[in-house]
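Subject: Structure handover

Hello,

Please find the structure below. My notes on it follow.

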Amino acid sequence: MTDTGLPTYRRSARSDARMWLLLAVGAMFFWAGSTIRPEENCSEDGRECAPWLVPLAQALGALVALGAGLNMLANPRRGSLLDPATGDLVWWQGRIGRAGGDEGRIHPSRIGKLRIVRRDEGDDEVHLYDIDGNRQFWFDQEVIPWPYERWAGKLAKLAPHIEVEVID
């Protein structure tokens with residue numbers, strides 16, 4: 001199995017735009033909290049005054065920035081590929097360093113269904129089921145590239161018995 005048409009997909013925390021966004025937003029809140037004087041955080045008539053919000057926003061900003069920074073430092077990786085030696089579909093999440101993280105594998109002949117659930121708000125969900133109807137652990141939208149239908153179509157082309165179900 002040399003060229004299956006199913007691309008290898010690999011992502012890490014350092015290449016994830018969400019982590020960079022969390023780092024930037026956390027840093028902005030931390031910076032803003034350090035430039036605003038809490039005692040001056042009141043309306044002109046003095047009725048609305050919440051000086052405790054400034055250090056709270058600064059602390060939350062520091063916490064978010066620190067969390068994103070530490071996640072990027074640990075750099076957990078996720079992805080999927082077709083193993084050229086066995087032909088298995090292999091996926092993983094949370095790999096840090098040489099540790100395997102959460103991973104799974106299944107031969108395409110054992111895959112029964114790939115379900116894509118569309119959400120109006122938020123991320124879509126992706127679920128993989130074997131031919132016995134058992135959902136495969138750790139396989140979700142994080143381990144395959146977007147658009148999910150394109151990837152699912154390539155998988156179904158590789159193994160035509162796989163049912164691709166899109167739920168709107």
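**Aspartate 124 and its surroundings**

The side chain of aspartate 124 comes to 3.1 Å from the backbone nitrogen of arginine 119, a polar contact (N or O atoms within 3.5 Å, one able to donate a hydrogen and the other to accept it; residues adjacent in sequence count only if both atoms are side-chain atoms). This is a predicted model: local features need pLDDT of at least 70, side-chain atom pairs pLDDT 80 or more, while totals for chains, interfaces and linings use all residues. Residues are numbered from 1 along each chain as its sequence is written, and side-chain values use heavy atoms, without hydrogens and water.

Aspartate 124 sits in the loop between β5 (111-117) and β6 (125-130); strands are DSSP runs of E, at least two residues, and helices runs of H or I, at least four, numbered from the N terminus. Its relative accessibility is 10%, so aspartate 124 counts as buried (under 20%; exposed is over 50%, partly exposed in between; 1.4 Å probe, protein chains only).

**Aromatic pairs**

The whole structure holds three aromatic pairs (ring centres of Phe, Tyr or Trp, the last by its six-membered ring, within 6.5 Å; stacked under 30 degrees, edge-to-face over 60, the rest tilted). One of them is phenylalanine 137 with tryptophan 138, tilted, at 5.9 Å centre to centre and 50 degrees between the planes. Phenylalanine 139 and tryptophan 151 are also a tilted pair, at 6.0 Å and 40 degrees. Phenylalanine 139 is in the loop between β6 and α3 (148-158) and tryptophan 151 in helix α3, so this pair ties together parts twelve residues apart in sequence.

Regards
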